[in-house]
Amino acid sequence: MSNYDGKILNSIFGPTADCVAIDELSLLLDGRRGEEQKRRAEAHVEGCAHCRAEIALLQEFESSAIRPHEQRDVNWIVARLRKNQPAQPLSWWKRMWTVPMLAPITIGLATALIAIGIGLEMRHSPGQPFSPSSGGSSGSGEVMRSLSVDVVGPIGDLAQRPAELRWKPVAGASRYMVRVFEVDRTELWSTTVKETSVALPSVVQAKIVPLKTLMWEVRAIDASGSVLANSGPESFRLDATSSR
Amino acid sequence: MQELSDEDLVAKFRTEAGSPGVETWINELFQRYHTRVAAWCLRFTGDRESAADLAQDIFLKAYRNLDSFRGDAKFSTWLFSISRNHCVNEMKSRSIRPEETSDPLVLDLTAGKAVSALQSLENEESLESMRVLIEATLDETEKKVMSLHYAEEITLDSITRLLGLTNASGAKAYVVSAKRKLGASLQRWKARESRGKM
């Protein structure tokens, strides 16, 4: 059959100027546009194969009858639809944002959760100094505080090889845990002391060469083993002109 | 919630927009139609994977365009329009064109060669005459199949499933028989026209 015939057949079986959209036709036939309109619509449909085909499809759609051989596939599709509904119910925490009175509480709760999360992340970060596996942790009972240990030195570029690490005392600290590591976080040495300074051992001294950056940090620990303060990572290096 | 009509659920969803739990109205409404849309799409495509994708798209489209639903119409009819249009358009975009039956529509037997008698149907008057002829010549299923296939461009396999045709070759058999009947009727019609002109 030629395209021309297809075009003609499309014109013959397609909608005419008197046809209306199916939702409007449905209203007309239901009588919701008045009896006269209903009568006209019925007369039109009686002589219009296109509109009757539309109505037949609508009736098929509206019928909830599933043929036996379709049942399994329809159930499968429905299960997928239920899983991916376009209007997903809000979870309880999202709902809290929508209740004006609860919003401040939600903000507070969210802030607390973030703080706890950050704390946990810092405790368990693989690159974090003084992890239990590094041998420098006091074990249970650690609490992160906002206090910091002020370091004295060495810091920055140095003209001479440092002999020790030094920091300022922290109130309540019974000991200090010190760790020296490479820029890639590879630990070179760690120790625990009661003083506010510690001599660098030969294993660290051997690593101190011009233009090579080393890092160190110190934590103040109280009598119960809790971390009172942390210096954070500091760095130093010998400058190019330094004497060995 | 069961006692609420489809249209009531839409109204509640609209009036309670922004309130917590408002989505339960629309989810209830859509769940009422899961089976129908699933069956519709399955009949259209013939395979459940594609049907599930189409059904998902339909509900998403319905959700996004809920504002266009007029309260005076039935929700089922509105959703039907979306479903039908979406499936037809998707099948077209996938280049699944209606199959052509091998039989030419009309044979000009007296000339001994295949010539489309439809070439005489170029004006609206002739088309209207043809529609009258169709009403008198074809049975109801043939009319539906021809209309869905040639006007809506729905594939014959889909029509077979949508109308639940159970004969061996489904919608194709109705197209073949409809063409034969139309061919014969056209010959008679043309013969009458020729006699009238003489």
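Just after helix α2 of chain A, A:Gly31 takes a positive phi of about 85°. Keep in mind for this and for everything that follows that we are looking at a predicted model. Let me stay with that helix for a moment.

α2(A) covers residues 22–30, and its buried residues are A:Leu25, A:Ser26, A:Leu27 and A:Leu28. What do the buried residues of α2(A) pack against? Within chain A they pack against α3, residues 35–46, and α4, residues 49–62. From chain B, α4, residues 75–93, joins them.

Two packed helices are described by the angle between their axes and the distance between the axes. Here the axes of α2(A) and α3(A) cross at roughly 115° and come within 7 Å. The crossing is left-handed. On the α2(A) side, the residues that meet α3(A) are A:Leu25, A:Leu28 and A:Leu29. Their counterparts in α3(A) are A:Gln37, A:Lys38, A:Ala41 and A:Glu42. By class, that contact holds four nonpolar, one polar and two charged residues. As background, an α-helix has 3.6 residues a turn, so residues three or four places apart point the same way.

Now the two chains together. In the contact between them, 50 residues of chain A meet 52 residues of chain B. On the chain A side, α1 (3–13), α2, α4, α5 (71–83) and α6 (92–98) each supply at least two residues. Which helix gives the largest share of the side of chain A that touches chain B? That is α4(A), with 10 residues. Sorted by class, this side of chain A has 25 nonpolar, 13 polar and 12 charged residues.

Next, the interior. In soluble globular proteins, nonpolar side chains tend to be buried together. The largest nonpolar core in this model has 64 residues, and B:Ala38, B:Cys41 and B:Ala55 touch the most other members. Helix α2 of chain B, residues 23–45, contributes the largest share of this core, 12 residues. Another core, of 23 residues, lies apart from it, and includes A:Met177, A:Phe181, A:Ile208 and A:Phe236.

Leaving aside neighbours within four places in sequence, B:Ala55 is in contact with A:Ile77 and A:Leu81 from chain A. From chain B, its contacts are B:Val37, B:Ala38 and B:Cys41.

On to the overall make-up of each chain. Chain A has eight helices and nine strands, while chain B has eight helices and zero strands. Buried residues are 23% of the 244 residues in chain A. For chain B, 37% of its 198 residues count as buried. Take the contacts between residues at least 6 apart in sequence: in chain A, 61% of them join residues at least 24 apart. In chain B, the corresponding figure is 58%.

Now for some of the strands. One open sheet in chain A has three strands in the order β1-β3-β6, with antiparallel pairing. β1 (151–153) and β6 (197–199) stand at the edges with a single partner strand each, so one side of each has no neighbour in the sheet. From one strand to the next, the twist averages 20°. Strand β3, residues 164–167, pairs with β6(A) over three bridges. In that part of the sheet, A:Leu165 stands opposite A:Val198 of β6(A).

Is A:Gly172 buried or partly exposed? It is partly exposed, with 13 other C-beta atoms within 10 Å. Not counting residues up to four places away in sequence, A:Gly172 touches A:Asp222 and A:Leu228. A:Gly172 and A:Ala220 are 48 residues apart in sequence, yet their C-alpha atoms are 8.5 Å apart in space.

Last, two points of backbone geometry. Most residues other than glycine have a negative phi, and most peptide bonds are trans. The bond joining A:Gly153 and A:Pro154 is cis, with omega about 10°. A:Pro154 lies in the loop between β1 and β2 (156–158) of chain A. In chain B, B:Glu153 has a positive phi of about 60° although it is not a glycine. B:Glu153 lies in the loop between α6 (140–151) and α7 (156–162) of chain B. B:Glu153 is partly exposed, with 17 other C-beta atoms within 10 Å.

Terms used
Residues numbered from 1 in each chain as written. Chains lettered and ligands numbered in written order. Predicted model: local features only at pLDDT ≥ 70, side-chain atom pairs only at ≥ 80, totals over all residues. Buried ≥ 20, exposed ≤ 12 C-beta atoms within 10 Å, placed from the backbone. Helix = DSSP H or I, 4+ residues; strand = E, 2+ residues; numbered from the N terminus. Contact = placed C-beta atoms within 7 Å. Core = buried A, V, L, I, M, F, W, Y, C linked by C-beta atoms within 7 Å. Nonpolar A, V, L, I, M, F, W, Y, C, P; charged D, E, K, R; others polar. Pairing = 2+ DSSP bridges. Axes fitted to C-alpha atoms, helices over the stretch in contact; angles between N-to-C directions. Left-handed = near helix turned anticlockwise from the far one by under 90°.
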